[in-house]
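Trainee: I would like to learn how to read a protein model feature by feature. Could you take me through one slowly?

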Amino acid sequence: KISIRGYSTKENVRVEFSNNGPQIPVENLQKIFRKFYSTKRAKSGTGLGLSIVKNVVETHHAKIEVTSTPETTTFIIYFPLPGSLNKWKNDGNFGN
């Protein structure tokens, strides 16, 4: 099952993409956005997918995070609203 939810605050729009697939091991959570990182066997992907996603997200001055439990993995993207971008750049607070 895949679910998509959206929320907004005064500073950002948050979009969450969740699924009930396999949990991402905690030791891999910080690695999955690295270019060429893959847990798949050779010849089964390039390890570029999430690296490209992170690059596109950051190009739009947004931030992406991931959480994973045995039940659910969720990717959260925070998009700044007009007027809040400078605040985000100055204090690193993405409203989460």
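**Reading the model, step by step**

Mentor: Let us begin with Phe17, which counts as partly exposed because its relative accessibility is 34%, a value that falls between the 20% under which a residue is buried and the 50% over which it is exposed. Please keep in mind throughout that this is a predicted model.

Trainee: Where does Phe17 lie, and which residues make the nonpolar surface patch with Phe17?

Mentor: Phe17 belongs to strand E2, which covers residues 12-19, and together with Ile2 and Ile4 it makes a nonpolar surface patch of about 330 Å².

Trainee: How many helices and strands does the protein have, and in what order do the elements run?

Mentor: There are 2 helices and 4 strands, and read from the N terminus they follow the order β-β-α-β-β-α. As for burial, 27% of the 96 residues count as buried.

Trainee: How many salt bridges does the structure hold, and which residues are linked in a network?

Mentor: A salt bridge is read from the distance between a side-chain nitrogen of Lys or Arg and a carboxyl oxygen of Asp or Glu, which must be within 4 Å. The structure holds 4 salt bridges, and Arg5, Arg14 and Glu16 are linked in a network of them. Glu16 pairs with Arg5, their closest N and O atoms being 3.1 Å apart; this pair links distant parts of the chain, since Glu16 sits in strand E2 and Arg5 in strand E1 (residues 2-8), 11 residues apart. Glu16 also meets Arg14 in a salt bridge, again with 3.1 Å from N to O.

Trainee: How far apart are Lys54 and Glu58, and where do they lie?

Mentor: The side chains of Lys54 and Glu58 meet in a salt bridge at 3.7 Å, N to O, and both residues lie in helix H1, where they are 4 residues apart, or about one turn of the helix. Lys54 is partly exposed, with a relative accessible area of 30%, and Glu58 is partly exposed at 43% relative accessibility.

Trainee: How should I read a pocket, and what lines the second largest pocket?

Mentor: The general idea is that rolling a probe the size of a water molecule over the atoms shows where empty space is left. Here the second largest pocket has a volume of about 240 Å³, and its lining includes Lys54 and Glu58 along with Leu29, Gln30, Phe33 and Arg34, among others. The elements that give two or more residues to this lining are helix H1 (49-59) and strand E3 (63-68), and the largest share, 4 residues, comes from E3.

Trainee: What is the phi of His61, and where is His61 found?

Mentor: His61 is found in the loop between H1 and E3, and its phi is near 60°, a positive value in a residue other than glycine. At 39% relative accessibility, His61 counts as partly exposed.

Trainee: What separation do the C-alpha atoms of Gly49 and Lys35 have?

Mentor: They are separated by 8.3 Å, although Gly49 and Lys35 are 14 residues apart along the chain. Gly49 is found in helix H1 and, at 47% relative accessibility, counts as partly exposed.

Technical notes: Residues numbered from 1 in each chain as written. Predicted model: local features only at pLDDT ≥ 70, side-chain atom pairs only at ≥ 80, totals over all residues. Heavy atoms only, no water. Patch = residues over 30% accessible without salt bridge, like charges linked within 9 Å, V, L, I, M, F, W, Y side chains within 5 Å. Areas by Shrake-Rupley, 256 points an atom, 1.4 Å probe, with all protein chains shown as cover. Buried < 20%, exposed > 50% of the residue type's maximum accessible area, 1.4 Å probe, protein only. 1 Å grid on protein atoms, 1.4 Å probe; cavity = no way out; pocket = protein on both sides within 12 Å on 5 of 7 lines; lining within 4 Å. Points joined across faces, edges and corners; volume = space filled by probe spheres on them.
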